[in-house]
Amino acid sequence: MKKFLVLILALLMALTAVLSSCANQNTDTREESNFESTVDTGRYVSQYSMLYPDCTIDELIERSVLVVRAKHKAVLDSEKRDTLVYTDHVFEVEEVFFGDKSVGDEITVQFIGGVIDDHEYIYEDQIDISESNEVIMILDYPTDGNDEIVTTDRYTFHPPMGVLDLTDEKSDEGDVYYEAYAPSVKYTADEMRDLVDSVKG
Amino acid sequence: MKRSMIRSLVAVVCAVLSCVSLTVSTYAYAIWMNGGNKGTYIHFYAWSGFSKDTLTQFDKAFDEWNYKAYSAKPKSLWIDRSGNLTDQTVAFVNNDKNEITKGNRGASRYLMATKATSILYESDKYKLVEVDIDVNGSIPWANSVLKNYYFVQNAFTHEVGHVYGLDDVDADKYSESTMYYTASKNEDKKCTIEADDIAGIKAIYGGN
């Protein structure tokens with residue numbers, strides 16, 4: 001009986017250890033670096049973080065001018081516009097849910113962040129776009145401080161929710177899901193088409 | 001005998017599991033700024049066009065972090081405004097000066113934003129040289145909780161969290177957190193920092 005009790009206690013201790021090791025599983029502790037108090041030279045790195053008005057995918061779609069499924073083709077130069085640094089990316093349209101574009105058209109979309117004169121500007125809360133990435137994008141034209149359209153030559157988007165990245169997940173029907181950065185909502189292309197149709201009428 | 005033994009065992013298991021559940025905690029925080037701001041005093045210059053009431057909101061937000069996270073951070077780290085003003089309205093200017101600016105950036109963009117600039121002088125070593133916070137003037141702001149307005153202190157407390165080195169959290173279950181990535185009109189829940197936020201500060205600076 002003593003052996004049995006010892007075994008039970010050992011199991012409980014092991015359980016405690018396992019649960020304790022899970023205590024920080026929901027934290028994102030990106031690797032810390034050493035911090036030095038004095039330094040004169042080096043490359044400059046700027047990080048942006050933004051607090052957004054609470055809104056839904058439906059609201060984004062409602063005010064968008066173009067909603068498409070597209071494939072990434074090229075990265076253009078970075079440029080400072082208004083108060084932020086942007087990098088333009090070229091996409092080829094593969095499916096149009098709403099807007100005045102056709103399959104095969106190329107569109108230019110600005111992403112926050114980039115490199116200018118060896119100064120790197122990083123926007124943290126955003127998916128990494130690379131060659132051949134397939135995404136669903138809910139797009140607007142860039143506007144100025146008075147909400148007047150600056151240009152119709154390129155598009156912009158709401159960073160946490162405006163670009164939904166292709167995932168490995170599939171629906172019961174075998175359709176692939178596209179997921180927004182935050183909140184982590186996901187849609188298949190068919191579901192997005194239905195949503196856009198219901199919002200845009 | 002056997003029954004009493006089983007009852008005792010069940011009691012022991014329940015007691016241990018209760019203790020474990022109390023000690024296990026899942027904190028909602030993420031680290032934004034590598035290495036934080038160890039050992040520094042960070043002094044902000046606010047745009048001269050802010051009202052006295054708005055400046056008071058900023059000071060309350062700084063105090064919330066400075067005092068409530070006091071034991072979690074280095075004692076020498078203090079972030080405040082110290083009353084000095086700037087004429088700068090352009091956001092995020094690289095001028096080695098920590099500034100709080102305001103300008104119309106468009107109603108569909110951010111409420112407030114923070115930019116931290118560091119010198120990367122080795123592959124993983126930084127020196128923080130400047131932090132700027134911008135207030136989007138296209139957004140309806142109020143210095144108290146008012147219907148259809150965003151509360152300045154609520155959003156600014158979130159931004160001060162970034163200055164301390166914390167990142168946004170975006171999972172729906174953390175929507176009550178100061179560092180949640182969105183804010184609503186009439187909202188004031190970000191004005192007070194909680195255990196999650198302090199745990200994040202401890203993770204960056206190693207305090208108690």
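Lys75(B) lies over the face of Tyr70(B), 4.9 Å from the ring centre. The model is a predicted one.

The search of the whole structure returned 15 aromatic pairs over all chains. In chain B, ring pairs join several residues into a cluster. Its members are Phe44(B), Trp47(B), Phe50(B), Phe58(B), Phe62(B) and Phe156(B).

Thr157(B) belongs to helix H3 of chain B, which covers residues 152–164. Its relative accessibility is 0%, so Thr157(B) counts as buried; the cut-off for that class is under 20%. Residues up to four places away in sequence are set aside in the list of its contacts. With that exclusion, Thr157(B) touches Ala61(B), Glu64(B) and Trp65(B), and also Thr178(B), Lys190(B), Cys191(B) and Ile193(B).

Chain A contains three helices and ten strands. Along the sequence they follow the pattern α-β-α-β-β-β-β-β-β-β-β-β-α. The chain has 201 residues, and 46% of them are buried. Among contacts in chain A with a separation of 6 or more, 59% involve residues 24 or more positions apart. The accessible surface of chain A comes to about 10,600 Å². Carbon and sulfur atoms hold 46% of that area.

Helix H3 of chain A spans residues 189–200 and has twelve residues. From first C-alpha to last it reaches 16 Å, close to the 16 Å expected at 1.5 Å a residue. Four of its residues are listed as buried: Ala189(A), Met192(A), Leu195(A) and Val196(A). Seen down the axis of H3(A), the buried residues fall within an arc of 120°, so they line one face of the helix. An α-helix has 3.6 residues a turn, so residues three or four places apart point the same way. The face of H3(A) turned away from the buried side carries Asp194(A) and Ser198(A), both exposed. Just after H3(A), Gly201(A) takes a positive phi of about 75°.

Conventions. Residues numbered from 1 in each chain as written. Chains lettered and ligands numbered in written order. Predicted model: local features only at pLDDT ≥ 70, side-chain atom pairs only at ≥ 80, totals over all residues. Heavy atoms only, no water. Phe/Tyr/Trp six-rings, centres within 6.5 Å; stacked < 30°, edge-to-face > 60°. Lys NZ or Arg CZ within 6 Å of the ring centre and 35° of its normal. Helix = DSSP H or I, 4+ residues; strand = E, 2+ residues; numbered from the N terminus. Buried < 20%, exposed > 50% of the residue type's maximum accessible area, 1.4 Å probe, protein only. Contact = heavy atoms within 4.5 Å. Areas by Shrake-Rupley, 256 points an atom, 1.4 Å probe, with all protein chains shown as cover. Expected span 1.5 Å × (residues − 1). Arc of directions from axis to C-beta.
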